[in-house]
Amino acid sequence: MSRALRHACIAIAFSLTASSALAHHSFAMFDQSTTVTLDGAVKDFRWSNPHVFIQVLVKNERGIEEEWSIEMTSPEHLARAGWRPSTLKPGDKITLDIHPMRDGIAGGQYLSGTGPGGPLLGGRPAQPGQGK
């Protein structure tokens, strides 16, 4: 194989892997100007890449239970903040502050929360006057 062809193959291989390593979605799907508080019970705590999810069962204003899908950051970031795959268990009563989905689907971006043992690790600190 010629030297030029070898360099071209290396450049192509690098460009294909570099783009996927840098790829990431934005959080534009969440309404960053709105914060919603959810009170419910954990259905599932999915510790998976690229993002961890909390599936939480919440009663709506009519008293009907809805499942909300709350997106968090990566397991690596959560682990650094003290979270573990066992931090939340099915049935745990939780209160979460989230940025809801813009399209009205029952989901959102995790901001902070309180679990059965008190404030959840890695959440945003309470702002003065919020009492959390």
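The questions and answers below concern a predicted model of a single chain.

Reader: In which sense do strands β2 and β3 pair, and over how many bridges?
Author: Strand β2 covers residues 53–59 and strand β3 covers residues 65–71, and the two form a hairpin with 5 residues between them, where Gly63 in the turn has a positive phi of about 85°. One of the bridges can be located at Val58, whose partner in β3 is Glu66. The sense of the pairing is antiparallel, and the count is 7 bridges.

Reader: Which residue of β5 is the bridge partner of Ser69?
Author: Besides its pairing with β2, strand β3 is joined to β5 by 3 bridges, and β3 and β5 run parallel. For Ser69, the bridge partner in β5 is Gly107.

Reader: How far apart are the closest N and O atoms in the salt bridge between Glu76 and Arg80?
Author: Glu76 and Arg80 both belong to helix α2 (residues 75–80), and because they are 4 residues apart there, about one helical turn separates them. Glu76 is partly exposed, with a relative accessible area of 46%, whereas Arg80, at 63% relative accessibility, counts as exposed. In the salt bridge that these two residues form, the closest N and O atoms are separated by 2.2 Å.

Reader: Is Glu61, which meets Arg62 in a salt bridge, buried or exposed?
Author: The side chains of Glu61 and Arg62 meet in a salt bridge at 4.0 Å, N to O, and Arg62 has a relative accessibility of 59%, so that Arg62 counts as exposed. The cut-off for this class is over 50% relative accessible area. Since Glu61 has a relative accessibility of 74%, the class that applies to Glu61 is exposed.

Reader: Which residues are in contact with Pro116, leaving aside its neighbours within four places in sequence?
Author: Pro116 lies in the loop between β5 (107–115) and β6 (118–119), and because its relative accessibility is 56%, Pro116 counts as exposed. Although Pro116 and Thr95 are 21 residues apart in sequence, their C-alpha atoms are 9.3 Å apart in space. With neighbours within four places in sequence left aside, the residues in contact with Pro116 are Asp92, Lys93 and Ile94.

Note on methods. Residues are numbered from 1 along each chain as its sequence is written. This is a predicted model: local features need pLDDT of at least 70, side-chain atom pairs count only at pLDDT 80 or more; totals for chains, interfaces and linings use all residues. Side-chain values use heavy atoms; hydrogens and water are left out. Buried means under 20% relative accessible area, exposed over 50%, partly exposed in between (1.4 Å probe, protein chains only). Contact means heavy atoms within 4.5 Å. Two strands pair if DSSP finds at least two bridges between them.
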